[in-house]
Amino acid sequence: MAKRTNEQWLSNLHSAGPQREEAMAELSRVILAGLPYALSKWLSPEDPRFSALAEEVTQETVMRVTARLDTFEGRSQFTTWVYTIAVRVALTELRRAKWHEVSLDELLAEKDSDDEPREMPDLSPGVQSSVEKKEMMAMLFKVMQMDLTEKQRTALMAVAVRGMPLEEVARRMGTERNALYKLLHDARLKLKNHLEKEGFSAAEIMATFEKE
Amino acid sequence: MKNWIHRVFKRDRPHKIQNNAPMSMGMPEIPPSRAEAMIKMIEKTQEVELSCDEVHRLLGEFAEMAMRGEDAASLLPLVHHHLDTCPDCREEYDALMQILQASPD
């Protein structure tokens with residue numbers, strides 16, 4: 001069958017009767033076909049949990065897509081937009097499953113962890129401990145104590161240091177991911193401005209961590 | 001520059017940075033690799049940043065630009081910046097790209 005254009009998707013999903021049914025079925029097929037790739041780093045399609053998760057994610061995504069058709073702005077292919085929703089639904093579920101037994105208190109009380117932080121671009125590995133770096137962190141802690149609220153400190157430690165997803169931290173703090181990002185942004189901005197007032201740019205601090 | 005840490009701790013400071021209150025209240029020791037990640041986050045902070053929801057709205061467009069070989073980072077710099085700062089959105093972008101790269105069209 002020829003690929004639907006964005007307009008056809010919208011028109012078919014807005015219509016009634018068999019056209020809509022066929023479009024809904026196609027939508028489910030599209031989502032199900034994409035999920036093994038999207039989740040390749042999380043769950044193998046051979047994993048016994050995969051098919052139940054894929055089913056659940058597909059149903060939830062179809063529901064959200066049909067409820068939000070009017071918010072599609074045509075900035076991408078319709079199917080790409082659908083995938084952004086499916087990915088959000090799937091990863092939310094996987095993060096919840098992965099972290100469900102971890103409380104914020106336990107997480108922050110951990111002495112240390114050998115886990116690497118979640119993969120981020122430009123993170124150069126192999127930074128070694130040194131007195132200078134420890135002093136740097138001590139200074140940063142002091143600034144955090146002075147400038148940040150308790151909530152900001154907790155969120156920053158949980159996300160940046162312990163690697164808990166924003167979504168999971170937000171759930172535990174009784175807020176939403178969007179609001180937590182803003183809380184973290186305000187915290188980072190305060191720290192950056194404070195350090196700059198002290199005469200040090202974060203880039204300069206970073207150089208201490210990079211030199212060996 | 002080379003001795004700046006000395007400057008931080010020894011010089012007269014305009015602020016109360018020498019505050020000697022125990023700083024460890026609720027503050028676990030941070031492994032150096034994590035400290036580096038945190039400082040990078042601070043370093044990258046901009047006055048204006050998009051929220052996760054705003055990025056979610058633009059993510060498909062950004063991903064398709066990248067798939068077409070366009071310079072998505074220059075065309076949508078605030079999205080690029082957010083993806084560099086927010087691990088959740090980054091994971092979602094990577095997962096989306098996995099699908100688009102596997103699709104024939």
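In chain A, helix H2 (residues 18–38) packs on helix H3 (residues 50–67) with the axes 9 Å apart and an angle of about 130° between them. Angles over 145 degrees would count as roughly antiparallel and 65 to 115 as roughly perpendicular, so H2(A) ends up oblique to H3(A). Bear in mind that this is a predicted model. As for handedness, the crossing of H2(A) past H3(A) is right-handed.

Who does the touching? On the H2(A) side you'll find A:Met24, A:Leu27, A:Ser28, A:Ile31, A:Leu32 and A:Leu35. H3(A) answers with A:Ala54, A:Val57, A:Thr58, A:Thr61, A:Val62 and A:Val65. Sort them by class and this contact has 9 nonpolar residues, 3 polar ones and no charged ones.

## H1 against H2

Now for the other helix pair. Helix H1 (residues 6–14) of chain A and H2(A) have axes that come within 7 Å, and they cross at roughly 120°. That angle makes H1(A) oblique to H2(A). Is the crossing left-handed or right-handed? H1(A) goes past H2(A) in a left-handed crossing.

The H1(A) residues in this contact are A:Trp9, A:Asn12 and A:Leu13, and they meet A:Gln19, A:Arg20 and A:Ala23 of H2(A). By class, that gives 3 nonpolar, 2 polar and 1 charged.

## Putting the two together

The H1(A) crossing is left-handed, whereas H2(A) crosses H3(A) in the right-handed sense.

Technical notes:
Residues numbered from 1 in each chain as written. Chains lettered and ligands numbered in written order. Predicted model: local features only at pLDDT ≥ 70, side-chain atom pairs only at ≥ 80, totals over all residues. Axes fitted to C-alpha atoms, helices over the stretch in contact; angles between N-to-C directions. Helix = DSSP H or I, 4+ residues; strand = E, 2+ residues; numbered from the N terminus. Parallel < 35°, antiparallel > 145°, perpendicular 65-115°, else oblique. Left-handed = near helix turned anticlockwise from the far one by under 90°. Contact = placed C-beta atoms within 7 Å. Nonpolar A, V, L, I, M, F, W, Y, C, P; charged D, E, K, R; others polar.
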